[in-house]
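Please look through the sequence and the 3D view below before reading on.

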Amino acid sequence: MPAKKTKKKTDKPAMKKSGPKKPALKKTSQKENTAAATADKFLDTIIKGDCIAAMKKLPDASVDLVFADPPYNLQLGQGELTRPDNSRVDGVDDEWDKFDSFKAYDDFTRSWLAQARRILKPNGAIWVIGSYHNIFRVGAAVQDTGFWILNDVVWRKSNPMPNFRGTRLTNAHETLIWAAKSEKSKYTFNYRALKTANDDLQMRSDWEFPICTGSERIKDDSGGKAHPTQKPESLLYRVMIASTKPGDIVLDPFFGSGTTGAAAKYLGRRYIGIERDQKYITAAKKRIARVKPLESEDLLTQPSPKAAPRVPFGTVVETKLIKPGSKLFSPRGNHSAKVRADGSLYVKDGDTEIQGSIHKVGAAVQNAQACNGWTYWHYEEKTGRRPIDFLRDKIRKGITG
Ligand SMILES: C[S@@+](CC[C@H](N)C(=O)[O-])C[C@H]1O[C@@H](n2cnc3c(N)ncnc32)[C@H](O)[C@@H]1O
């Protein structure tokens, strides 16, 4: 009879063979693979045709971001617009901007928005830009389609076209609506990158850029504007830095002169353009071919503080970057607190004693509801005072000596 294998009993706790737990790999479903393959076919290309029909060719949940600059439905109607010197103003009077009625425009808007939402990944988002002629109608449709509005952004034009007739205010801005696919979407927002770009101030919802002029303006063969409503690349640059990651797929269903494609290529994103007018497609292709993408290492943006590993203040004390008994100071130096061995702070002011975490004590000395202790409290160095956040950063980088 073969010997029966028995497990040798030891009093050691059972060890798992697998060692430290690896993060579970996300399984990709067959459906997701097919979606990716179908979308791949269109990556970095311009689909010619009507955007609703073209989007129907794209699978569900296959793009990360939609940037849309739809027809404005300007309803010019007052004949040719001229400057005081009688020269003609190059307004938008193209066929693509004409709709029979508000209802026709709304039906069109709702149809393309529904397609855009279908092809967005669950954590995807959309930006739609427009003027007072259309943006309110578009905004209602965005909400009715199921998107979740995150912000509206005012693009303030530093060099707007004057109101030649002097009958209204100078129309000096356009509005962008930024919306997530749904309320539950974990949309991309590179908060820290935008703050860094804005000299360490939180990025606001009013952005100032000049309208597209000079060498950026794409010209046709006769030297005229290749497209009447070419958007500045700086605007798309900010949109992509704000809400995409390198390698993300950005779809633009109203591609025009290809501003979205040019910015995407430059910033290491992928694009899918849709445009129905061949002359704009030709201009866009020529334009994008000239763009030299940035090196991938130059594309790295400041990571969000939320993505960085958590380091409690106690660790700063345990690693002796700050020793118990040392003093921390408020930014203006009008408050100070002593550090204790457990990482708590202690303040004695006359009869009042306060103790607690860096945040709690920071809030208490200012009589504030809350306080970010990491940026409020400063420690003393030979070269001056620095926020303790600097020490947290050192630990994250593994510099504890
Ligand atoms: C406001 S412009 C976009 C300009 C573009 N953002 C740029 O920077 O050049 C709108 C574009 O959408 C195109 N368009 C209008 N209706 C369309 C449709 N149903 N399908 C595809 N393209 C359409 C027009 O030909 C026009 O080029």
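## The chain as a whole

Helices, of at least four residues, and strands, of at least two, are DSSP runs that are numbered from the N terminus. Counted in this way, the secondary structure of the chain comes to twelve helices and 14 strands. The model is a predicted one, and its pLDDT averages 88 over the chain, with 85% of the residues scoring at least 70. Over residues 1-26, however, the pLDDT is below 50, and this stretch has one contact in the model beyond its near neighbours in sequence.

Of the 401 residues in the chain, 39% are buried, while the accessible surface comes to about 24300 Å², with 52% of that area belonging to carbon and sulfur atoms.

## Around the ligand

Which residues lie closest to the ligand? The ligand is surrounded by 22 residues, and the closest are Asp69, His227, Ser257, Thr259 and Glu275. Sorted by class, this shell holds ten nonpolar, seven polar and five charged residues.

An N or O atom in the side chain of aspartate 69 is 2.7 Å from a nitrogen atom of the ligand, and for the side chain of aspartate 50 the corresponding distance is 2.8 Å. With arginine 276 it is a backbone N or O atom that lies 3.5 Å from a ligand nitrogen. Taken alone, the ligand exposes 600 Å², and the protein buries 99% of that area.

Lysine 231 is found in the loop between strand E6 (206-209) and helix H6 (233-243). Is lysine 231 buried or exposed? Its relative accessible area is 5%, which is under the 20% limit, and therefore lysine 231 counts as buried.

Leaving out residues up to four places away in sequence, lysine 231 touches a set of residues that includes Asp69, Tyr72, Trp155, Glu174 and Thr259. Two of these names, Asp69 and Thr259, are also listed among the residues closest to the ligand.

Threonine 145 sits in the loop between helix H4 (135-144) and strand E4. Its side chain reaches back to the backbone oxygen of alanine 141, at a distance of 2.5 Å, and beyond its neighbours within four places in sequence threonine 145 is in contact with Leu113, Ala114 and Arg117. With a relative accessible area of 18%, threonine 145 is still buried, because the limit is 20%.

Proline 160 belongs to the loop between strand E4 (148-157) and strand E5 (173-180). Its relative accessibility is 26%, and so proline 160 counts as partly exposed, a class that lies between 20% and 50%. Although proline 160 and asparagine 171 are eleven residues apart in sequence, their C-alpha atoms are 7.0 Å apart in space. Proline 160 also touches Thr170, Asn171 and Ala172, when residues up to four places away are not counted.

## Helix H10 and positive phi angles

Helix H10 covers residues 358-366, and its buried residues are Ile358, Val361, Gly362, Ala363 and Val365. These buried residues pack against helix H9 (313-318), strand E11 (345-349), strand E12 (352-356) and helix H11 (373-376). After H10 comes asparagine 367, with a positive phi near 55°.

Most residues other than glycine have a negative phi. Asparagine 73 is not a glycine, yet its phi is positive, at about 55°, and it is found in the loop between strand E2 (63-68) and helix H3 (102-119). Aspartate 200, likewise not a glycine, has a positive phi of about 70° and lies in the loop between helix H5 (191-197) and E6.

Key:
Residues are numbered from 1 along each chain as its sequence is written. This is a predicted model: local features need pLDDT of at least 70, side-chain atom pairs count only at pLDDT 80 or more; totals for chains, interfaces and linings use all residues. Side-chain values use heavy atoms; hydrogens and water are left out. A residue is near a molecule or strand if one of its heavy atoms lies within 4 Å of it. A polar contact is a pair of N or O atoms within 3.5 Å; within protein, one must be able to donate a hydrogen and the other to accept it, and residues adjacent in sequence count only if both atoms are side-chain atoms. Accessible areas come from the Shrake-Rupley method with a 1.4 Å probe; for residues, only the protein chains shown count as cover. Ala, Val, Leu, Ile, Met, Phe, Trp, Tyr, Cys and Pro count as nonpolar, Asp, Glu, Lys and Arg as charged, and the others, Gly among them, as polar. Buried means under 20% relative accessible area, exposed over 50%, partly exposed in between (1.4 Å probe, protein chains only). Contact means heavy atoms within 4.5 Å. pLDDT is the predictor's confidence in each residue, from 0 to 100.
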